[in-house]
Amino acid sequence: MASHTTGTPLAEAVGTPDQAWLRARLEELERIYRPSASEGERRAAEWLVGQFRLLGAEARIEAESAHGTYWWPLGIGTALGALGGILSLRGRRLLGGALGAVGTAGIVSEFPPHQRRLRAPLAKRPTYNVVCEIGDPDAAATIVISAHHDSAHSGLVFHPALPKIGDRLGLIENADTSPPLMAPVIGGPALVALGALTKIKALTRLGTFLSLGATAAMAEIGSRKVVPGANDNGTAVVSLLALARRLAEHPAPGVRVILLSAGAEESFSEGIKAYGERHFDELPRESTTFLVLESTGSPHLLVLRGEGFLKMYDYPAPTLELLDTAAAELGIWLYPNLRLHNGTDGLEPLAAGYEAAVIAGCDDLKQPSNYHWPNDLAENVDFTTVADGIRLAEAAIRRVTD
């Protein structure tokens with residue numbers, strides 16, 4: 001298949017990113033302490049706008065409203081489950097079961113792409129999306145390449161020893177879907193409600209135990225500082241810059257490219273949810289594709305087949321085929337057939353009916369490298385994989401109208 005823009009083979013049409021250039025910018029970004037919906041996130045957004053400007057690309061900041069955490073809303077839900085379990089075990093079964101049911105429903109609503117109802121009464125603060133538009137605004141096709149510039153809180157549940165333990169127990173080698181980390185979070189309140197309904201105290205006790213443990217885990221995450229966020233997701237941010245640089249030198253006719261770096265991704269994708277509420281109505285579903293870049297500094301590149309906290313949302317076959325075919329033509333090996341029992345910013349456009357996909361990275365244990373851990377630094381990033389992710393994203397831009 002010929003390149004849409006040049007008529008030359010895809011491998012010749014797609015550039016080779018400068019890894020030293022990428023690393024220099026990633027080292028600048030990782031020095032900005034940037035929790036979700038924070039002053040540091042704003043500084044990162046302003047830094048990114050300045051970097052786009054140096055490349056001759058105009059970008060803007062869209063301020064939105066966000067809560068900025070996930071641990072406090074989920075902690076409310078699990079605390080309701082724990083309280084409900086205690087009350088139920090003390091004879092107030094109906095009230096306890098009701099609290100467990102409310103906690104369960106609230107937690108379900110918090111998982112993207114839902115409405116996140118537990119955070120509705122909590123304090124809000126600004127989050128900052130950066131939007132850079134390149135190419136003809138009236139082009140027949142639009143592709144949105146998305147990253148996020150906030151970084152995550154650490155926590156013991158993200159300890160790097162845990163995947164290694166899972167591997168020794170034989171839980172990883174034959175699995176193509178990541179473990180459901182949120183199962184105990186929702187399972188605790190749900191078991192409390194079920195135990196109260198069935199009058200089975202063993203279920204209520206188990207649900208109370210899980211709810212108390214999950215509440216403690218959420219509080220522990222909230223007490224931690226954010227990590228440098230080089231792989232997750234500074235690699236994607238500097239990839240947007242590399243794409244802007246490449247498109248300035250070698251435009252892609254017939255394609256409108258929107259480079260989006262969302263804020264508040266680490267608080268359950270609040271930034272891209274706000275972007276959707278602002279812009280989805282003006283982006284036709286029949287001609288717009290969303291491509292999310294996530295943690296591409298791991299040793300292996302991959303294209304997610306699906307993701308979701310509870311329900312698994314599969315990505316559309318046409319977009320997966322586009323990326324798989326392009327990767328093969330570029331000689332990029334993709335770790336095959338992986339799905340995520342968690343969520344990226346890809347869930348919002350996917351649930352809204354767009355063609356969408358996620359280019360991500362993993363290590364030999366099928367995990368993002370240094371995930372939510374203090375050693376998530378540029379010095380530990382595999383820039384060859386980052387460069388391959390950029391090449392694959394550029395290929396998608398040049399092929400999206402074929």
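A contact here means heavy atoms within 4.5 Å. These close-ups show a predicted model, in which local features need pLDDT of at least 70 and side-chain atom pairs count only at pLDDT 80 or more, while totals for chains, interfaces and linings use all residues. Residues are numbered from 1 along each chain as its sequence is written, and side-chain values use heavy atoms, with hydrogens and water left out.

**View A. S211 and its contacts.** Leaving aside residues up to four places away in sequence, S211 touches T78, G81, A82, G188 and P189. S211 sits in helix 8, which covers residues 201-223; helices are DSSP runs of H or I with at least four residues, strands are E runs of at least two, and both are numbered from the N terminus. Is S211 buried or exposed? S211 counts as buried because its relative accessibility is 0%.

**View B. A nonpolar patch on the surface.** L162, I165, L169 and L171 make up this patch, with about 390 Å² of accessible area together. Patch residues have over 30% relative accessible area and no salt bridge; nonpolar side chains (Val, Leu, Ile, Met, Phe, Trp, Tyr) are joined within 5 Å, like charges within 9 Å. A salt bridge puts a side-chain nitrogen of Lys or Arg within 4 Å of a carboxyl oxygen of Asp or Glu. Areas come from the Shrake-Rupley method with a 1.4 Å probe, and for residues only the protein chains shown count as cover. L162 belongs to helix 6 (residues 161-168) and, at 42% relative accessible area, is partly exposed.

**View C. Strand 6 and its partners.** Strand 6 (residues 300-303) points H300 and L302 one way and L301 and V303 the other, and all are buried. Strands pair if DSSP finds at least two bridges between them. With strand 11 (residues 355-362), strand 6 pairs antiparallel over four bridges, and L301 stands opposite G361 there. With strand 9 (residues 334-335), the pairing is parallel over two bridges; Y335 is the bridge partner of L302.

View D. The order is 8-7-10, with mixed pairing. Strand 8 (313-314) and strand 10 (339-340) are the edges, each pairing on one side only. Strand 7 (residues 306-307) runs parallel to strand 10, joined by two bridges, and E307 stands opposite L340.

Technical notes:
Buried means under 20% relative accessible area, exposed over 50%, partly exposed in between (1.4 Å probe, protein chains only).
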